[in-house]
Amino acid sequence: MSAKVVIGAQWGDEGKGKIIDILAQQSEVVVRSQGGNNAGHTVEADGVEYKLRLTPSGILGKNTTCIIGTGVVVDPGVLLSEIDMLTSKGVNTDNLKIDYRAHIIMPYHIVLDGLMEKARGKGDIGTTKNGIGPCYMDKAERIGIRLCDLLDRDIFIARAKENTEIKNKFITKVYEAEAINPDEFIDKYLEYAERLRKYAADTTVILHDAIKAGKKVLFEGAQGTLLDIDIGTYPYVTSSHPISGGVCIGTGIGPTMIDECIGVMKAYITRVGKGPFPTELFDEVGDTIRNVGHEFGTVTGRPRRCGWFDAVIGRFGVRTSGLTSIVLNKLDTLTGIPVLKICTGYLKDGEVLNDFPASLTELAKCEPIYEELAGWDEDITGIRNYDDLPENVKKYVARVEELCGCHVSMVGVGPGRDQNIVR
Ligand code: GDP
Ligand code: IMO
Ligand code: MG
């Protein structure tokens, strides 16, 4: 049995796509279990850059089965344009399977995402406005439309009309916006259904059988630990479960079938959207990290908020996903910064906190306790052996490992497929 989970251990955009692409080359099945096209995973393979939002990054492997699991919310138009983009670049997508139970993002979800954000005013979450939250709301309310419903013409038409009528009451009466006419999208969605039919499957069976047969399976996380709806910085979170536990919920396999949990972190921290962020940098160092690290959203192009590495968050990620190892990306982005800081704990009302607090009011009061480490000037992007890295890089990695209480098994020194060093 070899089932590995890769999750984001910070606020998303840790470079999961790159690591998953590397591990996917040794995997026979790659699976997405949660989220939707709010994700943006950048993979650079053979000099070509791919920005994937819904398709598992394993799609670039020729013989890899790629699964979109039960817990993913699927915008069919976005998925089909991604399939078209991949086809135009010579990537075969015949091995893609989408679970019948996956919920479908409908046009009213996208409209409501925008209207709800606007109504929140200054308290907005900063969502990607892709309809993710409203789609998961319908799932929890038990009025969602799943892929199996989309594939049944009569059921889909009836459900789409029924739901639009309900949503129009909110759209016109609560948010005072213009009603949606279901006749304007139903035919388009029925066309999507015909194109998606060949990919539809009961992926819970495919996955179970693959694991039982000893195939190498990789679970591709989206978003990150602090965006988890239960564990994250609620309400500034997404509406799904990016932690390792989400894999079981969103694919229909049990926890006993998972062997390894790898957490991806950056050598610093970024976040998009709103909410407290203890180590956030508002100075030139923050600007340098943003510019050198190209920290702008893959999906929305929004500048990402940047800050020092936070070991309180690191430990939280290790604990809540039961991580067996850490991948530390983007060490190269820190090159040239003379003094680096790592947050080892928080100071709140005169008390030292070592664990990430539940309450955002408490988090907002937390002052990071910093430890300073000497930086490095050497270009590390071409180094491939751990021993060849400058001493200060190795000291930095060792300290991260020590403070997080988990082995760093790989470090990233550039965006390319080969710019990683296995320890
Ligand atoms: P994901 O959402 O976790 O897959 O991450 P994103 O793709 O949104 O953002 C990570 C960005 O960092 C992408 O542009 C990657 O190509 C890039 N990247 C990943 N690892 C490294 C690294 O070690 N060094 C540098 N410079 N860039 C990296
Ligand atoms: P990847 O997989 C970073 C953030 C949004 C917003 C919050 C809720 O690329 O790491 P949503 O549209 O999900 O309701 O927005 O979550 N967010 C992400 N931030 N990386 C992501 O994905 C994200 N997906 C959602 O910015 O703050
Ligand atoms: Mg991303």
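Tutor: Let us begin with helix α1, residues 16-24, which is mostly covered, with nine of its nine residues buried. Among them are Lys16, Lys18, Ile19, Asp21 and Leu23. Please keep in mind that this is a predicted model.

Student: What makes threonine 270 count as buried?

Tutor: Its relative accessibility is 1%. Buried means under 20%, so threonine 270 counts as buried. Threonine 270 belongs to strand β12, residues 269-271.

Student: How do you know that the side chains of threonine 270 and lysine 266 are joined by a polar contact?

Tutor: The contact between these two side chains spans 3.1 Å. The cut-off for such a pair of N or O atoms is within 3.5 Å, and the contact is therefore counted. Beyond four places in sequence, threonine 270 also touches other residues, including Trp11, Asp13, Glu295 and Arg304.

Student: Which residues are linked with Lys266 in a network of salt bridges?

Tutor: The network links Lys266 with Asp13, Glu295, Arg304 and Lys330. Lysine 330 is in the loop between β15 (325-329) and β16 (339-348), and has a positive phi of about 65° although it is not a glycine.

Student: Why is lysine 330 called partly exposed?

Tutor: The value for lysine 330 is 23% relative accessibility. Buried would require under 20% and exposed over 50%, so lysine 330 counts as partly exposed.

Student: Why is threonine 344 called buried?

Tutor: Threonine 344, in strand β16, has a relative accessible area of 18%. The limit is under 20%, so the term buried applies to threonine 344. The contacts of threonine 344 outside its sequence neighbourhood include Ala311, Ile369, Glu371 and Leu403.

Student: What makes the pair of arginine 399 and glutamate 371 a salt bridge?

Tutor: The N to O distance between their side chains is 2.5 Å. A salt bridge requires such atoms within 4 Å, so the pair qualifies. Arginine 399 lies in helix α13 (residues 391-404) and glutamate 371 in strand β18 (residues 367-374), so the bridge ties together parts that are 28 residues apart in sequence. Arginine 399 is partly exposed at 21%, and glutamate 371 is partly exposed at 24%.

Student: How do you know that lysine 198 forms a salt bridge with aspartate 94?

Tutor: Their closest N and O atoms are 3.6 Å apart. The cut-off is within 4 Å, so this pair is also counted as a salt bridge. The pair links distant parts of the chain, 104 residues apart: lysine 198 is in the loop between α7 and β9 (200-201), and aspartate 94 is in the loop between α2 (76-88) and β7 (96-99).

Student: What places aspartate 138 and lysine 167 in a salt bridge?

Tutor: The closest N and O atoms of aspartate 138 and lysine 167 are 2.6 Å apart, and the limit is within 4 Å. Aspartate 138 is in helix α4 and lysine 167 in helix α6, 29 residues apart. Both aspartate 138 and lysine 167 are buried.

Student: Which residues form the nonpolar patch on the surface?

Tutor: Ile166, Phe170 and Val174 form it, with about 260 Å² of accessible area together. Phenylalanine 170, in helix α6 (residues 153-174), is partly exposed, with a relative accessible area of 41%.

Student: Which residues touch the most other members of the largest nonpolar core?

Tutor: They are Leu79, Ile98, Met106 and Phe156, in a core of 55 residues. Helix α7 (residues 186-196) provides the largest share, six residues. A second, separate core of 53 residues includes Ala210, Leu323, Val400 and Leu403.

Notes:
Residues numbered from 1 in each chain as written. Chains lettered and ligands numbered in written order. Predicted model: local features only at pLDDT ≥ 70, side-chain atom pairs only at ≥ 80, totals over all residues. Heavy atoms only, no water. Helix = DSSP H or I, 4+ residues; strand = E, 2+ residues; numbered from the N terminus. Buried < 20%, exposed > 50% of the residue type's maximum accessible area, 1.4 Å probe, protein only. Polar contact = N/O pair within 3.5 Å; in protein donor to acceptor, adjacent residues only side chain to side chain. Contact = heavy atoms within 4.5 Å. Patch = residues over 30% accessible without salt bridge, like charges linked within 9 Å, V, L, I, M, F, W, Y side chains within 5 Å. Areas by Shrake-Rupley, 256 points an atom, 1.4 Å probe, with all protein chains shown as cover. Core = buried A, V, L, I, M, F, W, Y, C linked by side-chain atoms within 4.5 Å.
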